[in-house]
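Reader: I have a structure to read. Where do I begin?

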Amino acid sequence: MNHKIAVIPGDGIGPEIVREARKVLDAAGKKFGFTLDYTELLMGGASIDVHGIPLTDETIAAAKASEAVLMGSIGGDAKTSPWYQLPPEKRPEAGLLKIRKALNLFANVRPAYLYEELKEACPLRDEIIGDGFDMVIMRELTGGLYFGERKTIEENGVKKAIDTLSYDENEIRRIAKRGFDIAMKRKKKVTSVDKANVLDSSRLWRAVVEEVAKEYPEVTLEHMLVDNCAMQLVRDPKQFDVILTENMFGDILSDEASMVTGSIGMLSSASLNETKFGLYEPSHGSAPDIAGQDVANPIATVLSAAMMLRYSLDLDEAADAIEAAVKQVLKEGYRTGDIMSEGCKKVGTTEMGDLIAQRV
């Protein structure tokens, strides 16, 4: 069976890590009897260099015509790159916001899993880590503060910036349903994170989530204020199964969760709409300072590719094989620099991709 996949290599280390993910996908396809037809697209700084804007209508159309999108990393060095001399709406990251909205990618799924082999890389104490942790952060992706009305004005000679945080009940309900659906396949617990002691938007969020919870009697629901959740992630991460939250809170908490796993280079990400279509990318940035040096960790992108097989293409067996191959390579002691520890074998981006592909 052939599947049509759009590929956005992106900027910085993006092309390198996407190359390795494709290598692993092709190995899985050979083993499990499917092929992937890749169409490469430009976005972010790479698109600015060619088209003058971070995302073209043609790229959006090509993405929509595919079954899924596999993406590398977007952006560059904000201090030195000419991309950041442009107005905000023409900078690389503006393309990310635009494609999420254009493809209706309202649900961001970020697993945060501590591999047994990487416990030494975790900054938390052994008594906190225990037997490890395994959580998913479900972040609403197309509403809230990042997409609300914004403006900068001057009042009485003083500059004033205004950003609007807005959610309607339908936006909340659809992300809540996704969160509860995922919880049903896991440990059946949802922690809904908000700031309901202060914000009206959070009070509506909490009310709608409680309505949705009634449809999932097997799932335990708890509410947690965002400041407490940030603390609990480093105090007792084992308590979480599915963290359900709005856009800005999810942006912050998912990065915090990624670091307690030991390296953001290990964490995959999926952004889904109401169909099986999704955009799959690593949680980390473009790391322009190490681009082209064959030192970037491709595992987050490889695991994102496995999520693509699972969520968009229903190729669960192949996804399982990729995830098992990653665990096997780590068990054998191979490490890129960001997860290196004493006694392990240091490898580069290309060799890590080769090792995983060979073990699929």
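Author: Begin with one pair. Leu70 stands opposite Tyr280 in strand 12. A strand here is a DSSP run of E with at least two residues, and a helix a run of H or I with at least four, both numbered from the N terminus. This is a predicted model: local features need pLDDT of at least 70, side-chain atom pairs pLDDT 80 or more, while totals for chains, interfaces and linings use all residues. Residues are numbered from 1 along each chain as its sequence is written, and side-chain values use heavy atoms, without hydrogens and water.

Reader: When do two strands pair, and over how many bridges do strand 3 and strand 12 pair?

Author: Pairing takes at least two bridges found by DSSP. Strand 3 and strand 12 pair over two bridges, in the parallel sense. Strand 1 (residues 2-10) also runs parallel to strand 3, joined by five bridges. There, Gly10 has Ser73 of strand 3 as its bridge partner.

Reader: Why is strand 3 largely enclosed by the rest of the structure?

Author: Buried means under 20% relative accessible area, with a 1.4 Å probe and protein chains only. Six of the six residues of strand 3 are buried, so strand 3 is largely enclosed.

Reader: How do I read a pocket?

Author: On a 1 Å grid over the protein atoms alone, a pocket is an open set of points with protein on both sides within 12 Å along at least five of seven lines; lining residues have an atom within 4 Å of a point. The second largest pocket has 28 lining residues. Strand 3 and strand 12 are among the elements giving two or more of them. Helix 4 gives the most, six residues.

Conventions:
On a 1 Å grid over the protein atoms alone, a cavity is a set of points where a 1.4 Å probe fits but cannot get out, and a pocket is an open set with protein on both sides within 12 Å along at least five of seven lines; lining residues have an atom within 4 Å of a point. Buried means under 20% relative accessible area, exposed over 50%, partly exposed in between (1.4 Å probe, protein chains only).
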